[in-house]
Structures are given as structure tokens and as C-alpha cells.
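Here is a short briefing on one protein chain.

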Amino acid sequence: MKNRASTHLLILLLIAGLEIVGYVAVYHSALLRGYEPSVVGAARDVLLYVPLIFLLFWLSRVMRHRGSWTLYTTAVLLFSVGLLVQYRLYSDPEYGSGNKAQARAEKTQVQRLRYINQFYGPDKKQLMGLDPTAAQPTATPEVVRRSEVTVGRALFSSFTWVPLFAFAALAIAYWFCVQDKYLDWLQRHSFMIVLCTLGPLFGAILWSSAGKFVGNMTPWEASKIPFLLGFAGILTVHYRELARTYWGMPRARNVLPLLVMGLIPFIPFFALKDFGQMLVFSGAYATLYLVAVRRWPQLLVFVGSLVLVVAILVVGALPPQVQERVPTLSTLATPVRAVLPDRIKQRFHLWLDGFDPPSPDTPWWRKDYEDALSRNPRMQELAEQSPAMQKTVNIDIWFDRIAFQPSQATFGIAAGRVTGRGVGLGFAEVIPVADSDYIYAAIAEEFGLLGGALIIIALLVFVNAGVRTSIEARDMFTKLCSAGLTAFIVFQAIVNIGGTTRALPMTGITLPFVSHGGFSLITSFAMLGMLLAFSHRNASDAESPLGRAAAASALPREEEDYKVPEAVQ
């Protein structure tokens, strides 16, 4: 496929057409279940393609973008799939409803009556007390519940403004990063940017509740970019000294700044007990180090140390019954298990043995168990009757508070099989947080294995374009930034999809571009804008060798000429 804006515009229009077909399918599927989705919401979502097309024209006509359009097209494809799934979920009265039982009963009753009228004869209908002469159901059954979304509610909804802010973040990030003076300023002040980010980040942590801030927002998603700039800036200054080794290892004065910069983001995320973000940052920072330092002894030591640390943490978090199967493993894991947060132990148990609840005496589970009993006196009375009844109550609390989400996601993925149940015909509404953390499960249930494979292939295409952008970069800072941005996207996708499919512990992290979760979507599009800018710079340099030489002489961008920023000193 040629890298022309016109070609990708046609692909964009094709995606929009398929999106409209998907909305029509969701509408008719909803009518079969007795409720009418919002036409206003569907129109609002389709109109979001107007700014997307406008961005394409702005990039091609105004900014003269010469880089890879594949990044933009694949991101729009992922965004479109997420947009359709969001509409399908929030159109269902059961999803997000305060009275799920009533909404489910209404849908079930509509389908029951439709089946009776269509397949039961007059005799059966008369025995059931129904009118045997009732007409056969029409193609559009009776609508029990209609949407209450108005134009005003749609305009002021977060589903309207969050994507618009994300598109604006793309444009702003592109405009800044495409210019040498701003990019050079970002590099020289990267450490100060990180320090300025820590203040609001710690403030948000103090006022957060269960890892959320201002409703369901996670403002620390936006901290990925400043932390990436800081680590890339420090690594750009020291990467040549890191290559000069003594006995196969670099000097401590060159390693310490990297360690300090690398540990800074782990402090707030450890305070939040956000295991998923720590995994993503570890993978991204490891990628940056591997790109900058090409000495095999260092790479082996670094990767081996990282694998050893991860292995120690995993072994310490394993459930006791799993550790007992390996001789001496339980003894070695005892000191590690003593310092690990309870949340991480809970996640690992949920991953490896989620359908087998822990004992009420388990230290990391006892608090949640007792809290559930204190809120329900009747359940506490049942638990005190006998050990067998206590076990039954423990199972109910475990699946009600902890294991319900991953179990429903697993059942949904299994029910989708190869081709899926059909758009709007599955039961993705019973999966909690299916619009954010478990959106891949909703896609796999209604689109099947083919739909899930489409998401993975689109992510692979995006990652391939990002890796090529990093390889073709003209200087180390943009090379590291491109590699880091791509690493953030790919590791976040791996953690999300792996957690949903139970290939990894579930960490409550969003799927890039697909999950429309506030700051997560805005951050993903800002990263896309930076990658597009770096790709444009690479293409411009490749097309104009004289311009590249002139730029190199005008701006001291050679790594030898960079001095350690004053803030770092």
C-alpha cells in the first residue's frame, strides 16, 4: 500500500461506512431485545469522523506530512472498533443501570413472548393462558424501553468531549514535535518536566479513591509522556559513556542518573498499588535501554537482572498451594511474600487459581471477607452456622467482590468462538467494566476469534510502523522517543489483552485507542501525534540530504555536542 494521503482517506471512508453498518446492526439487534438505542448517540459517533477527516487534510495540506500514514489509519481503525462497542454497551439498559435485575427481566420477557408467538401453536398458547389468535410477531417487536438521550445530553456528554480533546492532543503534540526548536527545548528541560509532573501526580494520588480520581478518571495516564521524555533525555546524554565499559560494566556515575530517573515513576504507582503501570513502565524503559546501548555484555546483564527481579516477584506472589508443589520454593518465597502488597498477591491468585477461592484465614483476603460480612448481618449468621456454610459464604463473597469480572470475561470469550455471537446479540453487558478494562472480552464475544485477531493485527501493524520510525530517526533523542512511545502502546496492549485472556495477571489497564477511558484515550492520541511528527521528520530528512546537513550545522544536534542539562547537574 502506497503511503499517500488519498489512499488512506479512502480507507478512512471505508472504515466509516463499515461503522455505519455496525450501528445499524446494533440498532436492529436491540429492537429484538425490546429496547431502542439512541439515534442521537449514533449520529454523534458518526459525526466524530468529521474531525478525523479534517485532521487528515490538516496534516497533508497544511503541515505537509510526509511520514507514515499507517500510524494514523490503524489508530483510527482501533478507535472505530472501540466506538462501536461503546455504543452497543451503553445502549443496553442493563449495562450501567441502577436496577440491572429489572432491565434484564424486561429483555427476557420480550424474547420469551416473541419465541412463544413464533413457535407455539394455538393449543399451547391456550394452555398458557395466552390469546391463541394473536398475530405472529412482526420484524420489529414491541419496544419496552426507549432511549432518553437528547441532543443536549449528547453534546455535553464525556463521549463527545473526550474524543475531541484526544484529537486536539494529537494536533498539539504533532505541531510541537515537528519543530526543531520545541523538540530541542523538550530534550534540554526533560528532567525539569518530570519534576513538575510529580507535584500534580502526588496530589492526584492523595485524593484518589481505589486508583480513580474525579469519578473514573486516571490522570496519571498523562504522566507517561513526561516520564518518557525525562528518561530519553538522560539516556541521550549518557548513552555514549554507557558504551564505554570497565570489566563489561559501565561506570556508576553514568548509571546512577538513569536509575534515579527510572525509579521516579515507580514511587507513585507503588503508592497506588498499580501493578499494571509498573509492568508497562518496566517494559518501556527496558526497550529504551536496549535501543541506546548495543553492548552484548550489558544487554545480557540488564535483561538477565530484569528477568531475575520479575521471577522473584512472581515466585513470591504465587499462591501457597502452587509453591508447595516445588521443593524448597515455599521457603525461598517467604521473605518476598512478606514485603509484597496484598493487592499483587490477590491478582496472582486470581490469575492462577481464580475459580478456587482462598481460605477466610488468608491474610490478604481476610480484610475483604470480614468487611463483606459486616455489611451483611444475614450472611454473617450463615457463616457462623457451620464450616460447610462458611465455605459457601466465602465462595459467594469471592465471586461477588473479586472473581466476577474475570470469570464473566472468560465465559464471554469462550462463547464467542470463531465468528462471534453477532453484533449486539451477545451478553457483553453482564461483564463489568466491559467498556474499558475488559473491552477485548466484549469484542471477542460478539466478533469472535476473528474480531479479536483483527485488533491484534492492527496493533502489530501500528507497532511495525512505530519501530520503523525509530529505526529511521536522525538523532538519538527522537530514536528513543519513538521507540519508547511504541513500547508504551505495545506493552499496554499486551498487559490488557493478556489479563483479559488470563495469559497474564489482570491489572486493570486500558487497551490503547480501543478503550475510551478519559485520559487514556487522550494520552494515546497525543503519543500518536508525536510518532507522526517523528515520522515526518525522518521522511523530510531522507528526501532532502542538503537540508539535513544544513540543519545539522545550524542546530548542534550531534550527540557529542550535547552537554548535561543544568537541572541534571
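The count comes to 4 cavities of 30 Å³ or more. A cavity here is a set of points, on a 1 Å grid over the protein atoms alone, where a 1.4 Å probe fits but cannot get out. Rolling a probe the size of a water molecule over the atoms shows where empty space is left. This is a predicted model: local features need pLDDT of at least 70, side-chain atom pairs count only at pLDDT 80 or more, and totals for chains, interfaces and linings use all residues. Residues are numbered from 1 along each chain as its sequence is written, and side-chain values use heavy atoms, with hydrogens and water left out.

**Largest cavity**
- The largest cavity holds about 60 Å³ of space, a volume being the space filled by probe spheres set on the grid points.
- Its lining consists of Leu350, Trp351, Pro406, Gly499, Arg502, Leu504, Pro505 and Met506. Lining residues have an atom within 4 Å of a point.
- By class, that lining has 6 nonpolar, 1 polar and 1 charged residues. Gly counts as polar and Arg as charged in this scheme.

**Whole chain**
- The chain has 26 helices and 2 strands. These are DSSP runs: helices are H or I with at least four residues, strands are E with at least two.
- Of its 569 residues, 49% count as buried. Buried means under 20% relative accessible area, with a 1.4 Å probe and protein chains only.
- Among contacts with a separation of 6 or more, 74% come from residues 24 or more positions apart. Contact means heavy atoms within 4.5 Å.

**Nonpolar cores**
- The largest nonpolar core has 109 residues, of which Tyr72, Leu235, Phe525 and Leu528 touch the most other members. A core is a set of buried Ala, Val, Leu, Ile, Met, Phe, Trp, Tyr and Cys residues joined through side-chain atoms within 4.5 Å.
- A second, separate core of 12 residues includes Leu350, Ala383, Ile397 and Ala403.
- Beyond four places in sequence, Leu528 contacts Leu71, Tyr72, Ala75, Leu170, Phe462 and Phe513.

**Ser38**
- Ser38 sits in the loop between β1 (35-36) and α2 (39-47).
- Ser38 counts as buried because its relative accessibility is 9%.
- Its side chain reaches the backbone nitrogen of Val40 at 3.4 Å.
- Leaving aside neighbours within four places in sequence, Ser38 contacts Tyr87, Ser91, Ser147 and Val149.

**Asp274**
- Asp274 lies in the loop between α13 (266-272) and α14 (275-292).
- With a relative accessible area of 16%, Asp274 is buried.
- Asp274 and Thr507 are 233 residues apart in sequence, yet 7.3 Å apart in space, C-alpha to C-alpha.

Terms used. Buried < 20%, exposed > 50% of the residue type's maximum accessible area, 1.4 Å probe, protein only. Polar contact = N/O pair within 3.5 Å; in protein donor to acceptor, adjacent residues only side chain to side chain. 1 Å grid on protein atoms, 1.4 Å probe; cavity = no way out; pocket = protein on both sides within 12 Å on 5 of 7 lines; lining within 4 Å.
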